[in-house]
Amino acid sequence: MTTRAMRIIVTGANGQLGQELLRLPNAERQGVSLLGFGRGGLDVTSLQSCREIVKRYQADAVIHCAAYTAVDKAESEPDEAFRINAEGTRNIALAAKEFGAKLVYVSTDYVFDGTASEPYKEGDATKPRTAYGRTKLAGEREVQAVGGRAFIVRTSWVYGKYGRNFVETIRGLAKTQDEIRVVNDQFGSPTYTRDLAEFLIRLAQTDRYGLYHASGSGVCSWYQFARAILEDAGVRDVKLVPCATADHPRPAPRPAYSALEHGEIKRQGFEDLRHWREALSAYMRD
C-alpha cells in the first residue's frame with residue numbers, strides 16, 4: 001500500500017518565492033505534491049475563494065506566499081496592503097483551520113524597527129515603521145488569533161531566479177554603468193529563495209508549530225552584498241561606491257539593522273540555512 005503524497009497549496013504562485021517552491025527539484029519535493037495559485041486562481045481577499053480551494057484540493061498544508069510587497073507604494077496604499085496582508089491572511093488561516101490543513105505564513109524583518117545592534121530574536125518586541133511592516137505584522141496576529149496548526153516564518157532580503165531583486169539589479173547596472181552607488185549603513189541577511197523554499201517544505205512536514213526566523217546566515221551591508229555579487233559575476237571594471245541611506249530618501253524608511261537570529265530553527269533541531277555568501281555563490285553558479 002502506497003502512502004498518498006502530502007498535498008501543499010502555494011499561494012502567490014507567480015511571485016519570486018512561490019515560483020521557487022513550485023520548481024524545486026524532485027529530491028527536495030519527495031513525499032510532497034505542490035499546487036500553486038496566483039491571483040487568477042485564488043483571491044485571498046475572498047474567504048469563500050480560500051475555502052473552495054483548500055476544500056477542493058484536500059490540502060494538507062498551505063504555504064502562504066501571496067502578499068502586497070511594494071514597500072514604498074504601501075505608504076500611499078495602506079488600506080490595500082492591509083486588505084491583502086492582514087485580511088487575506090485571516091481568510092487563508094480560517095480556511096486552513098476549517099479543513100484541517102496546516103498553515104505556513106511567510107512574514108518579514110520589517111515587523112521590527114531596525115534600530116537593533118544584534119540579530120533580532122523571535123521573541124523581541126515588534127515595532128514596524130512602515131505600512132508594509134504593520135500589515136505583515138497584522139497578518140501574523142491574524143494567524144495567531146485564528147489558531148490551528150500554524151507556522152509563522154519571518155525572512156529578509158530575499159532574492160532568486162524568478163523575480164526582480166537586488167542581485168539582478170546590481171548585475172544589470174554593471175552592464176550599463178561604470179559606477180554604482182550602494183548604501184553601506186543598512187545591515188541584514190540576504191536569503192536565497194531556494195534555501196528558504198527547502199526550509200518551508202521541511203517545516204510543513206512537521207508538527208513543530210510556532211514562530212521562526214529563517215534567512216541566510218550571517219550579516220552584511222547592502223554595499224558588502226553588492227561587492228560579493230560583482231565578485232562572483234567576475235565584474236572588475238565597475239567602481240562600487242559606498243553611500244549613506246540619507247543620500248537615497250524613500251517613501252518608506254528602511255531598517256538600519258534587520259538581521260534575524262535563528263533561535264527556533266536551532267531549538268527545534270532543523271538544519272540552518274546556508275551562510276549568505278555561500279548561498280550567493282551557489283545562486284550565481286546556477
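1. A word on the basis. This is a predicted model, in which local features need pLDDT of at least 70 and side-chain atom pairs count only at pLDDT 80 or more, while totals for chains, interfaces and linings use all residues. Residues are numbered from 1 along each chain as its sequence is written, and side-chain values use heavy atoms, with hydrogens and water left out.

2. Helix α7 covers residues 222–233 and helix α9 covers residues 276–285; their axes come within 10 Å and cross at roughly 40°. Helices (H or I, at least four residues) and strands (E, at least two) are DSSP runs, numbered from the N terminus. The axes are lines fitted to C-alpha atoms, for helices over the stretch in contact, with angles from 0 to 180 degrees between N-to-C directions. The crossing of α7 and α9 is right-handed, the term for a near helix turned clockwise from the far one by less than a right angle.

3. Now for the residues that meet there. From α7 come Q224, F225, A228, I229, E231, D232 and A233, and from α9 come W276, R277, L280, S281 and M284; contact means heavy atoms within 4.5 Å. By class, this contact has seven nonpolar, two polar and three charged residues. Here Ala, Val, Leu, Ile, Met, Phe, Trp, Tyr, Cys and Pro count as nonpolar, Asp, Glu, Lys and Arg as charged, and the others, Gly among them, as polar.

4. Do look at the aromatic rings. The structure holds 17 aromatic pairs; rings of Phe, Tyr and Trp (its six-membered ring) pair if their centres lie within 6.5 Å, and planes under 30 degrees apart count as stacked, over 60 as edge-to-face and the rest as tilted. The rings of Y192 and Y283 are edge-to-face, because their planes stand at 70°, with centres 5.3 Å apart. This pair links distant parts of the chain, with Y192 in strand β9 and Y283 in helix α9, 91 residues apart. Both Y192 and Y283 are buried, where buried means under 20% relative accessible area, exposed over 50% and partly exposed in between (1.4 Å probe, protein chains only).

5. A second pair is worth a visit. F199 and Y212 have ring centres 6.1 Å apart and planes at 65°, so they too are edge-to-face. F199 sits in helix α6 and Y212 in strand β10, 13 residues apart. F199 is buried at 0% relative accessibility, and Y212 is buried with a relative accessible area of 0%.

6. Y192 and Y283 also belong to one aromatic cluster, together with W157, Y159, F166, W222, F225 and W276. W157 has a positive phi of about 45° although it is not a glycine. Its place is the loop between β5 and β6, and at 11% relative accessibility W157 counts as buried.

7. Q58 also has a positive phi of about 45° without being a glycine. Q58 lies in the loop between α2 and β3 and counts as exposed at 51% relative accessibility.

8. R149, in the loop between α4 and β5, is partly exposed at 36% relative accessibility. Leaving aside neighbours within four places in sequence, R149 is in contact with D60, G100, A101, K102, L103 and Y209. Y209 lies in the loop between α6 and β10 and is partly exposed at 29%. With the sequence neighbours again left aside, the contacts of Y209 are K102, R149, A150 and F151.
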